[in-house]
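Please find below a short note on the model under review.

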Number of protein chains: 2
Amino acid sequence: MLRSTIYDIAKAAGVTATTVSYVLSGKGSISGATRARVLKYAQELGYRPNLIARSLIKQRTCTLGLVMPRISNPFYAEVAEAVERLAYASGFRVFITNTHENEQLGGDLLEDLIARRVDGIIYLPHGLPLYGIQATLASGIPIVFCIWEEEEPEVSPCIGFDFMEGGRLAAEHLLALGHQRVAIVTDGPSVDGIKHHLRVAGAKSALIQAGHPLDPALLCLGDSSVERGEAAAHELLTLPEPPTAIFATNDLMAIGIITAAWKLGIHIPRDLSVVGFDDIVLAAYIAPPLTTIVMDKSALTEKAMNILFSMIEGKQVTSPPLLLPRLVIRGSTTQCSKEYRA
Amino acid sequence: MLRSTIYDIAKAAGVTATTVSYVLSGKGSISGATRARVLKYAQELGYRPNLIARSLIKQRTCTLGLVMPRISNPFYAEVAEAVERLAYASGFRVFITNTHENEQLGGDLLEDLIARRVDGIIYLPHGLPLYGIQATLASGIPIVFCIWEEEEPEVSPCIGFDFMEGGRLAAEHLLALGHQRVAIVTDGPSVDGIKHHLRVAGAKSALIQAGHPLDPALLCLGDSSVERGEAAAHELLTLPEPPTAIFATNDLMAIGIITAAWKLGIHIPRDLSVVGFDDIVLAAYIAPPLTTIVMDKSALTEKAMNILFSMIEGKQVTSPPLLLPRLVIRGSTTQCSKEYRA
DNA sequence: CTGAAAGCGCTAACAA
DNA sequence: TTGTTAGCGCTTTCAG
């Protein structure tokens, strides 16, 4: 494998490595003649700079780490694509890593990224506790947390999202359509380990406020996947007294719900209204198009990257205000057709 | 930012850097006492190895590059997740990069990855020409091409997929169901710039063989996105003599087609059969579940990674046989209900 | 305009 | 068991 160094070029061109370095970086002042000669040999020898060596001396790798639950979830994939694009625009490359929501793995990943001397990290923890990574945080590496939804103390900087309000919006929309028996399908291993904690809390509060508090039997647990979304919906829809609307705390589960309904011959939205959360691109293009809560991924990634770059430059930063949710009404929700006695 | 080196530890522990290096790597033979002392100070100083320095001397970064069109397409996201998982299992981290099907960008990305001295590259080019990266290939970096669908000369090693057979399978399924007027929605800027070239060729040949050659008016161009899939389907379905079945050369477009039909009040599969290509996870969980051609992503990524690792170890490798397509019949296709005169 | 020299943090012969 | 030394490929003062 042809792997030449500036020394090889230097020797060939009859100059010293310093000179080569200068012409390659366009820094010092070099005569046109030597410049041309150096360039010629660089070309000829198929020279490619060794960014590893450069990183070592510059104390900067122009590399970012992106830590997220799983890139196969379109929401995260869309975020990753945006992050990669913005990083590229600044000459950075990004390591993407999946925690699979495993705490141990998440911590290891972080430590490894630091060992690789990434210049900064974007961390979308989704249900991962903070206490396991205290030491990591203490390392002082620029790291920005995004869409934190835990109950633990605020960490800074953090690009937050008003999940509670999002849940409320979803429930209020359903309530306004006359739905009184609404179910919630969310992510979490147990009712007191709900990962989409705030979304559920927001929805519940709206339900209570409207005088139709959540029937505990209508709270289903999943894991943010379509599979579990479908399974949960199947359970819900075969109940003696099924819900007339379901709020899924992410779009993937909402899609699973639509499919479950389809299989049971339940028409959406006539017999069942469904609202999701995230607004993945696909949400607008399924049948029926999904009513959902929009998380503005562009705003999220832009803010996160701006803050991260500021930190890398050593600037002092503060968390921006919470990102606000927005309801987008599409074809999966409509007026409730059934009457239920309270 | 606390960033200690082995020298800091050495000084603190009253030994030399070599000793520290040995205990940290567990290589030389070090007395229990010094080992303990070194470890203690390493801990105390919050030492984290500098993998950049290590890479420089070892001539190995334990880093891979993954270049693909766009990770927001679930098919690629699923591949990326698998690649990342396999890489992680071998202590590798991966740079993921999106070409956005831009030839220039694709070439730059490759060069940059080489400059960063990744140990190997997985390249899923999708419609990108080879001639632009000859120099890159000549660098000798281990690189495995996956699912190449161009007409240019074979490159080795390459994990190929029998796209032609996949297209044929799709068309034959439709034909067997009695469909005679089948449309194709594919990816490409023009009819002679079709990126899913082989899939289309396979389908066409089956159609011809059955005596129902493709009506040129029923070949629609898109760009692998749901949006364009929906737009194409809208055109097709509002034709005076619409198709009774549509073969979309990827799942995203197929989903768009289903949505277009839904919006037009056309029932799937009763009034229109749809078959996709890829078998993204979501395909099985939309309404109706999508009949599609399965590309085995596990097999693909496993083979690709095995070969890549072999190359990295300096072994000689050859391309494996083409991966075979499989048809999975779900709810989006059924018997044709209309009669058309030939 | 160009060169000499030091050093980024680590590893690995080779000595002691 | 531990230390000495050189060097991975590059950048960057400081001289000349």
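1. The model is predicted, and the remarks below should be read accordingly. The contact between the two protein chains draws 48 residues from chain A and 48 residues from chain B. On the side of chain A that touches chain B, two or more residues each come from helices H4 (51-58), H5 (74-89), H6 (103-115), H10 (226-237) and H11 (251-264), and from strand S2 (93-98). By class, this side of chain A has 27 nonpolar, 11 polar and 10 charged residues.

2. Around DNA strand C there are 25 residues, of which Ser29(A), Ile57(A), Thr5(B), Asn50(B) and Ala53(B) come nearest. At least two residues of this surface are supplied by each of helices H2 (17-25) and H4 of chain A and helices H2 (17-25) and H4 (51-58) of chain B. The surface near DNA strand C comprises 11 nonpolar, 12 polar and 2 charged residues.

3. Strand S1 (residues 63-68) of chain A is mostly covered, with 6 of its 6 residues buried. Thr63(A), Gly65(A) and Val67(A) point one way from S1(A), whereas Leu64(A), Leu66(A) and Met68(A) point the other way.

4. S1(A) runs parallel to S2(A), to which 6 bridges join it, and Leu66(A) stands opposite Ile96(A) in S2(A). From S1(A) the chain crosses through H5(A) to S2(A) in a right-handed β-α-β crossover.

5. S1(A) is also joined by 4 bridges to strand S3 (residues 120-123) of chain A, again in parallel. Here Val67(A) stands opposite Tyr123(A) in S3(A).

Key:
Residues numbered from 1 in each chain as written. Chains lettered and ligands numbered in written order. Predicted model: local features only at pLDDT ≥ 70, side-chain atom pairs only at ≥ 80, totals over all residues. Contact = placed C-beta atoms within 7 Å. Nonpolar A, V, L, I, M, F, W, Y, C, P; charged D, E, K, R; others polar. Near = placed C-beta within 6 Å. Buried ≥ 20, exposed ≤ 12 C-beta atoms within 10 Å, placed from the backbone. Pairing = 2+ DSSP bridges. Right-handed = clockwise from strand over helix to strand, strands pointing away.
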